[in-house]
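Q: I would like to go through this model with you, one topic at a time. Could we begin with a helix?

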Amino acid sequence: MACFTLVPSTLSGACALLSSPSSFRSPLPAMAALRRPFLTYPSAAAIAKAVEKKSTPSAAAATEVAVEFDFKGYMLGKAESVNRALDRAVPLTHPKLIHEAMRHCLLAGGKRVRPVLCIAACEIVGGDEALAMPPACAVEMIHTMSLVHDDLPFMDNDGLRRGKPACHVVYGEPVTVLAGDALLAHSFGHIADTANYPSAVSPALLVRAIAELSRCIGSEGLVAGQVVDMESTGIEETVALDRLEYIHLHKTASLLEGAVVIGAIVGGGSDGEIDRLRRYAQCIGLLFQVVDDILDVTKSSEELGKTAGKDLVSDKTTYPKLIGLEKSRKLAEELLRDAKSQLEGFDPAKTAPLIHLANYIAYRQK
Amino acid sequence: MAFSSTLIFSPHLPHSKLPLPPCLSRKFRFLSSPLHCASSGAFTTLASSSSLLSPMSSFDLRSYWTSMISLIQSELDAAIPIAHPERIYKAMRYSVLSDGAKRASPIMCIAACELVGGDRSAAFPTACALEMVHAASLIHDDLPCMDGAPLRRGRPSNHAVFGVEIALLAGDALFPLAFRHIVGRTPSLVPPATVLRVIAEIARTVGSTGMAAGQMLDLLPDAGIQAREPADVMLVLEKKFGELAETSALCGGLLGGANAEETAALRRYGRAVGVLYEVVDDILMEQRGAGSNGHSGKMKSNASVVGALGMDRAMEIVDELKEKAKKELKYLGDKFGDGVLPLCGFVDYAVERGFVVEAVGRT
């Protein structure tokens, strides 16, 4: 099969993009200090070997430490705290309509993966949950805003979101546009307001967190991914691998990166720690999409809870289509391994949530 | 429209380029200005109202303004370089760098910073950010599902050139870029706590209790709020126009190191001027007959003060707002002397510019 010959280029493609300064890095001088090359990917042979063994010894060791960890309980507990904080962050004030719309979207449920990542990153560097809560809420507001705008009839035209009618179905398009804008603005106001923090917090750290977050969600991050994705749909030729990675790294990974990095910043993490967590987030972001593509071709609609095979029908370029199912699985294994390897330098007692989050993203069934 | 295309200053205005007479006491300057204009409702009243500045002390707002515009333009140009993916950057640049934008918000921000003794470099990044968030709001406001305006500043609106998807995303990208510009470019002489305060203020201004609220009340008069009711019309103006001017003046003051009383005065001043400008616009629109401000560089208001309250009341409101602004300027002038002149110029400009331009063109 032709796809076999693509294996090395696949990995070098991922490697090149993840390490490329131009694709991800901020030109802000303050951020320049954070730049380190992405860890070199192992050779194709080494990967094949690692995949054969299912996991590397280090990853296995890390998993053992975390074996007693109640991941589900952790996720549910954190999600509950996040939901309470979000409820307080967007009260139903005047004018009611726009706040109702914002709350409709924001409090619709969901796993709160991004805020939990933010909190977990803060905790892993020694901060606590309350300190990370304003940034965590901000990230969820931004995620919600991007979904809300995406669902608009002139965008993806989706009438359902998380099993509930989309915002524009309930409140109309004008309110939806404004509610999204308001959530976006509010996210920055929420991080910047020192009154939202439990105790004194360093303004310099918050400024740095805002710089990171704004880069991750603007025309160098999330929006760039949305634009390139939009430009890649409906075209005749197959989207190249590097372009596919660009889309996923920006559209999905960059907000995860923002969540993790700002959590680590407010938690007082060192530059080295922030850098490792950034790479962890980039890996799990890409992993999320690779797994999504695999599930689309391997699971039934019933199992997924959404239309399976949608990507095939819609001519959307996916990893299985581009490099084959087996190579996609290998890529996923490699990304998972690499994500976990970033956590090796941290206190083993605190790595469990992020290890389990990576596993969860890799091994989810829908 | 004044806040739209080019800067038009009437030759009738007593704006000379003469330096200020240093002997003129600032106290007298304010008292000698026959600020109050009769509220008879006759449109000529507005015309006859004298400049806030006496002719002797006239400050050349036009020079101040135009010299500042080119600086702001070049900083905005550098802030949004064309990168990959080009289409989004081009769309952002199209709206932010549009020719003829008057940059009223950034200039008020810089003037407020200089007034309280700050270095203008402290306010420049925030001034540019104000323009970015303003542009973002305008792009979204023009979308077909919103006002559906095909033109903006006399040329096709963003979505008409780049499509609705890109227009929506360009707005979405300009908000974070604005905040990023502030944190990335504000010189280190400004304490981080002040930078945070500025970000929080701008976020509140464009958010659900500020401009977005105003847009919503304006767009959806049936949605539980009758935006044609007098009180609601004023609320729309305060939210859509007052808030941005308020934040412009306030943030300039904060960045310049103003204390609590000074920032409070700047806040009230900015709000009064922002609403004043819009009320005068409304009056001019009424005089002109046709309400066609689709070419405008600012937001369109569907709620008309004159329509809801009548011309007489609108004229009274102009006076009241001028009084409000004047009161704050008196306080600031006593404190900072001639530094207050640019802010005085804004009040004059808000009242007189459009009218004089319009009056000349009409007869």
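Q: How many residues of helix H10 of chain B are buried?

A: Nine of the nine residues of helix H10 (residues 211–219) of chain B are buried, so this helix is largely enclosed by the rest of the structure. Buried means under 20% relative accessible area, exposed over 50%, and partly exposed in between, with a 1.4 Å probe and protein chains only. Helices (H or I, at least four residues) and strands (E, at least two) are DSSP runs, numbered from the N terminus.

Q: Which residues are they, and what covers the buried residues of H10(B)?

A: The buried residues are Met211(B), Ala212(B), Ala213(B), Gly214(B), Gln215(B), Met216(B), Leu217(B), Asp218(B) and Leu219(B). Their cover includes helix H7 (96–106) and helix H11 (173–192) of chain A, and also helix H6 (120–142), helix H9 (192–206) and helix H11 (230–255) of chain B. Contact here means heavy atoms within 4.5 Å.

Q: Before going on, what are the conventions?

A: This is a predicted model, in which local features need pLDDT of at least 70 and side-chain atom pairs count only at pLDDT 80 or more, while totals for chains, interfaces and linings use all residues. Residues are numbered from 1 along each chain as its sequence is written, chains are lettered from A and ligands numbered from 1 in the order in which they are written, and side-chain values use heavy atoms, with hydrogens and water left out.

Q: Next, helix packing. At what angle do the axes of H3(B) and H5(B) cross?

A: The axes of helix H3 (residues 61–79) and helix H5 (residues 104–115) of chain B cross at roughly 110° and come within 10 Å. That makes H3(B) roughly perpendicular to H5(B). The axes are lines fitted to C-alpha atoms, for helices over the stretch in contact, and angles run from 0 to 180 degrees between N-to-C directions. Angles under 35 degrees count as roughly parallel, over 145 as roughly antiparallel, 65 to 115 as roughly perpendicular and the rest as oblique.

Q: Which residues make the contact?

A: H3(B) contributes Tyr64(B), Trp65(B), Met68(B), Ile69(B) and Ile72(B), and H5(B) contributes Ala104(B), Pro106(B), Ile107(B), Ile110(B), Ala111(B) and Glu114(B).

Q: Moving to chain A: how many helices and strands are there?

A: Chain A has 20 helices and two strands. Of its 366 residues, 60% count as buried. Among contacts in chain A between residues at least 6 apart in sequence, 75% join residues at least 24 apart.

Q: Is Asp151(A) buried or exposed?

A: Asp151(A) is buried, with a relative accessible area of 4%, whereas Arg161(A) is partly exposed at 29%.

Q: What about Asp229(A) and Lys251(A)?

A: Their side chains meet in a salt bridge at 2.6 Å, N to O. Asp229(A) lies in helix H13 (residues 222–232) of chain A and Lys251(A) in helix H14 (residues 241–266) of chain A, 22 residues apart. Asp229(A) is buried at 17% relative accessible area, and Lys251(A) is partly exposed at 30%.

Q: Where do Arg337(A) and Glu334(A) lie?

A: Both lie in helix H19 (residues 325–341) of chain A, three residues apart, about one turn of the helix.

Q: Which residues in chain B are linked in a network of salt bridges?

A: The network links Arg197(B), Glu201(B), Arg204(B), Glu238(B), Lys239(B), Glu243(B), Glu246(B), Arg267(B) and Arg271(B).

Q: Finally, the backbone. Which peptide bond of chain A is cis?

A: The bond from His94(A) to Pro95(A) is cis, with omega near -10°. In chain B, the bond from His84(B) to Pro85(B) is cis, with omega near -10°.

Key: A salt bridge is a side-chain nitrogen of Lys or Arg within 4 Å of a carboxyl oxygen of Asp or Glu.
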